[in-house]
Number of protein chains: 2
Amino acid sequence: MKQDIDTSAALRAQLMNRLAFRLYQCANLLNKTGTKALEAHDVTTQQWAIIGALVRERWAEGIAVHQLASLLMVSRQNLTGVLSRMEDRGLIERKKSKVDSRSRLIRLTPDGWKRWEEMQADIAGFYDGAMKDLSNNDLIHALHYLDRMRENMHDVDNTQGG
Amino acid sequence: MKQDIDTSAALRAQLMNRLAFRLYQCANLLNKTGTKALEAHDVTTQQWAIIGALVRERWAEGIAVHQLASLLMVSRQNLTGVLSRMEDRGLIERKKSKVDSRSRLIRLTPDGWKRWEEMQADIAGFYDGAMKDLSNNDLIHALHYLDRMRENMHDVDNTQGG
DNA sequence: AAAATTATAGCAATATATTGACAGATATTT
DNA sequence: AAATATCTGTCAATATATTGCTATAATTTT
């Protein structure tokens, strides 16, 4: 009976443990270093992700909070807090939807767009460091694995009553 | 002039953006689903990581806070908060070091060890879902990429005055 | 030996993330 | 049409993460 690497439960458990731990460390470091890299722009990593989403999705009137929360995979409540801080600083605006008066449509202000442009050089500089020595092929593979895990955990989430 | 996939700056920037975003989403989902999976044990994902580290590193007297913080790659201040909540619930104990009276040595209590054992079945169940359809080879590769990124960001961190 | 520097844990302030809850709006069922 | 169920954004409470700061201890420099 050949002890194949793919059939060793203890090895697999160890790999999964290490992978989860690595994910934990990476995410914390991404938050820390990303926020520091954009310090001059007064934009945290999380706010950067939100601005990036708003830039990418050019809805005519903006996007509803629950849609943005779904896209970012964070809770509506947390997003409300982050958006409030961004609105206070003039990066985004909230507008009551004409279609559904409960809904608030979120979009970047002209200042928000300007901030995005101003950030680009520092974003590029940050990525140079964070993705150093990773080829495009590496990036594609890493993306594939994280994608797989995200989908898996999304399913787990739904199973848990999401 | 051949437009090679490895030389396209726009593609690379897009990949890096998507990778960072995926990391953000995955980490949040890991925190959410991991904590939910261990709900019966009243242990969050972060506390699980700490217990795991304490289990793995079997120092005779325990580990100092700054060492544990370094291992986990989180700040001492944050760790202090998490440890306090764990101590309050009897999972860990803090003991003044005989060698350096400023230092607090952290280790699991007997209850902490027992909690770790009790968690194993639910941990395994969670991993089954989160790592579904990923072979051991996949796990090894994913680990490699996250490792690479972690090291890169660690270097960036040091450059930023970490 | 004294002075200066560095290290330790933890307090405080702020940002992010979750869950529970809820007023009010909207959609579905009766 | 009325009753019921669901949805929307946000408040509140709690956990996690960062930075600045500090009293005290330890180490290094003078």
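Begin by selecting A:Met73, which lies in the loop between α3 and α4 of chain A. The model is a predicted one. A:Met73 is not a glycine, yet its phi is positive, at about 60°. Most residues other than glycine have a negative phi. Is A:Met73 buried, partly exposed or exposed? With 17 other C-beta atoms within 10 Å, A:Met73 is partly exposed.

B:Asp133 sits in the loop between α5 (110–130) and α6 (136–159) of chain B. Its phi is near 65°, again a positive value in a residue other than glycine. B:Asp133 counts as exposed, because it has 8 C-beta neighbours inside 10 Å and the limit for an exposed residue is 12 or fewer.

**The two chains together**

The same surface serves both copies, since 100% of the contact residues of chain A recur in chain B.

Select the residues that form the interface: 55 residues of chain A are in contact with 55 residues of chain B. On the side of chain A that touches chain B, the elements giving two or more residues are α1 (9–37), α2 (45–56), α5 (110–130) and α6 (136–159) of chain A. Which of these elements gives the most? It is α1(A), with 21 residues. Coloured by class, this side of chain A shows 29 nonpolar, 12 polar and 14 charged residues.

**Inside the interface**

Stay with chain A and select A:Met16, found in helix α1 of chain A. A:Met16 counts as buried, because it has 21 C-beta neighbours inside 10 Å and the limit for a buried residue is 20 or more. Show the partners of A:Met16 beyond four places in sequence: A:Met16 touches B:Tyr127, B:Met131 and B:Leu139. Then draw a distance from the C-alpha atom of A:Met16 to that of A:Arg150; the separation is 14 Å, although the two residues are 134 residues apart along the chain.

Move on to B:Leu23. Leaving aside neighbours within four places in sequence, B:Leu23 is in contact with A:Cys26, A:Ala27, A:Leu30 and A:Leu146. B:Leu23 also belongs to the largest nonpolar core, which has 88 residues. The residues with the most contacts inside that core are A:Leu23, A:Cys26, B:Leu23 and B:Cys26.

**The strands**

Select strand β1 (residues 63–64) and strand β3 (residues 104–108) of chain A, which run antiparallel and are joined by 2 bridges. Within this pair, A:Ile63 stands opposite A:Ile106 in β3(A).

Turn to chain B. What is the order of the strands in its open sheet? The order of the 3 strands is β1-β3-β2 (chain B), with antiparallel pairing. β1 (63–64) and β2 (92–96) of chain B stand at the edges with a single partner strand each, so one side of each has no neighbour in the sheet. Between β2(B) and β3 (residues 104–108) of chain B there are 5 bridges, and B:Glu93 stands opposite B:Arg107 in β3(B).

**The surfaces near the DNA**

Select DNA strand C and the 26 residues that surround it. The closest are A:Ser75, A:Gln77, A:Asn78, B:His66 and B:Gln77. At least two residues each come from α2 and α4 of chain A and from α1 (9–37), α3 (65–72) and α4 of chain B. The largest share, 5 residues, comes from α4(A). By class, the surface near DNA strand C has 4 nonpolar, 13 polar and 9 charged residues.

Finish with DNA strand D, which 26 residues surround. The closest are A:His66, A:Arg76, A:Gln77, B:Gln77 and B:Asn78. The elements that give two or more residues to this surface are α1, α3 (65–72) and α4 (76–88) of chain A, together with α2 (45–56) and α4 (76–88) of chain B. Near DNA strand D the largest share, 5 residues, is supplied by α4(B). The residues of this surface divide into 4 nonpolar, 13 polar and 9 charged.

Technical notes. Residues are numbered from 1 along each chain as its sequence is written. Chains are lettered from A and ligands numbered from 1 in the order in which they are written. This is a predicted model: local features need pLDDT of at least 70, side-chain atom pairs count only at pLDDT 80 or more; totals for chains, interfaces and linings use all residues. Two residues are in contact if their C-beta atoms, placed from the backbone, lie within 7 Å. Two strands pair if DSSP finds at least two bridges between them. Helices (H or I, at least four residues) and strands (E, at least two) are DSSP runs, numbered from the N terminus. Ala, Val, Leu, Ile, Met, Phe, Trp, Tyr, Cys and Pro count as nonpolar, Asp, Glu, Lys and Arg as charged, and the others, Gly among them, as polar. A residue is near a molecule or strand if its C-beta atom, placed from the backbone, lies within 6 Å of it. A nonpolar core is a set of buried Ala, Val, Leu, Ile, Met, Phe, Trp, Tyr and Cys residues joined through C-beta atoms within 7 Å.
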